[in-house]
Amino acid sequence: VRDGVALQSLRRHARGVTLTTSVGDIDCRAVVGADGVGSVVRRSLGVPKGALYAQAVEVDTPWCSHDLPRDVLAFDVADFSYPGYNWDFPTLVDGDSMVCRGVYRLVRAPFAGARDGCDATAILRARLADLGFDPDAFRYKRFAERGLSLFQPFAMERALLVGEAAGIDPVL
């Protein structure tokens, strides 16, 4: 949905793509699906969901003595106890300078964390405690993401998926 216009379906044809929307049909030469993890474009194209999913969880905290300079984004892949990474980067919350801290954990199927005992929230809570924060003092924001699989399609004639619609890679 953009500016109150919702995509209902799309049809590729020799001259381009016809988008059926809540305000009527729109004809275009090509379509770029940049509509997030729940991509309507992806579903309309019939592109499979893929085998890689991710749990992401983040919190905004005050700065602490362990933080890097305010102009540095930190992505850490050194923890081999889970497939993924953690991050710390500067953010503004209601005008206050804070640090967004999070964990991205890649899994092979939805809800795999419940089966293997590893949970992105538990990982982040442990990180916060290691930094000297009370893990119960923050509001956790959780996201379900799609992992990027380079072995599955994310483009076809006159259509390309980008960003979260295509998938997120732990390093890219």
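## Briefing: sheet, hairpins and side-chain contacts

The charged end of arginine 70 sits over the ring of tryptophan 63, 4.3 Å from the ring centre. A charge counts as over a ring if NZ of Lys or CZ of Arg is within 6 Å of the ring centre and within 35 degrees of the ring normal. This is a predicted model, in which local features need pLDDT of at least 70, side-chain atom pairs count only at pLDDT 80 or more, and totals for chains, interfaces and linings use all residues. Residues are numbered from 1 along each chain as its sequence is written, and side-chain values use heavy atoms, with hydrogens and water left out.

**The five-stranded sheet**

- Five strands form an open sheet with antiparallel pairing, in the order S6-S7-S8-S5-S9. Strands (E, at least two residues) and helices (H or I, at least four) are DSSP runs, numbered from the N terminus. Two strands pair if DSSP finds at least two bridges between them.
- S6 and strand S9 (141-146) stand at the edges with a single partner strand each, so one side of each has no neighbour in the sheet.
- Direction ignored, neighbouring strands of this sheet are turned by 20° against each other on average. Axes are lines fitted to C-alpha atoms, for helices over the stretch in contact, and angles run from 0 to 180 degrees between N-to-C directions.
- S8 is mostly covered, with ten of its twelve residues buried. Buried means under 20% relative accessible area, exposed means over 50%, and partly exposed lies in between (1.4 Å probe, protein chains only).
- S7 and S8 run antiparallel and are joined by ten bridges. Glycine 84 stands opposite arginine 105 in S8.
- S5 and S8 also run antiparallel, with nine bridges between them. Here alanine 54 faces leucine 106 of S8 as its opposite residue.
- Helix H3 (residues 120-130) lies across strand S5 (53-61), S7, S8 and S9. H3 runs at about 140° to S8.

**Hairpins and positive phi**

- S7 and S8 form a hairpin with two residues between them. Valine 93 has aspartate 96 as its bridge partner in S8.
- Aspartate 94 lies in the loop between strand S7 (84-93) and strand S8 (96-107). Its phi is near 50°, a positive value in a residue other than glycine. Aspartate 94 counts as exposed because its relative accessibility is 77%.
- Arginine 158 is in the loop between strand S10 (155-156) and strand S11 (159-161). Arginine 158 is not a glycine, yet its phi is positive, at about 65°. With 28% relative accessibility, arginine 158 counts as partly exposed.
- Strand S1 (residues 7-13) and strand S2 (residues 16-21) form another hairpin, with two residues between them. Six bridges join these antiparallel strands. Arginine 11 stands opposite threonine 18 in S2.

**Aromatic rings**

- The whole structure holds five aromatic pairs. Rings of Phe, Tyr and Trp (its six-membered ring) pair if their centres lie within 6.5 Å. Planes under 30 degrees apart count as stacked, over 60 as edge-to-face, and the rest as tilted.
- One of these is the tilted pair of tyrosine 85 and tryptophan 87, at 6.0 Å centre to centre and 50° between the planes. Both tyrosine 85 and tryptophan 87 are buried.
- Phe75, Tyr85, Trp87, Phe89 and Tyr104 make up one aromatic cluster.

**Polar loop residues**

- Aspartate 67 lies in the loop between S5 and S6. Aspartate 67 is buried, as its relative accessible area is 18%.
- The side chains of aspartate 67 and arginine 101 are joined by a polar contact of 2.8 Å. A polar contact is a pair of N or O atoms within 3.5 Å; within protein, one must be able to donate a hydrogen and the other to accept it, and residues adjacent in sequence count only if both atoms are side-chain atoms.
- Leaving aside neighbours within four places in sequence, aspartate 67 is in contact (heavy atoms within 4.5 Å) with Pro62, Val99 and Arg101.
- Serine 81 sits in the loop between strand S6 (74-76) and S7. Its relative accessibility is 58%, so serine 81 counts as exposed.
- A polar contact of 2.6 Å joins the side chain of serine 81 to that of aspartate 79.
- The C-alpha atoms of serine 81 and isoleucine 123 are 9.6 Å apart, while 42 residues separate the two along the chain.
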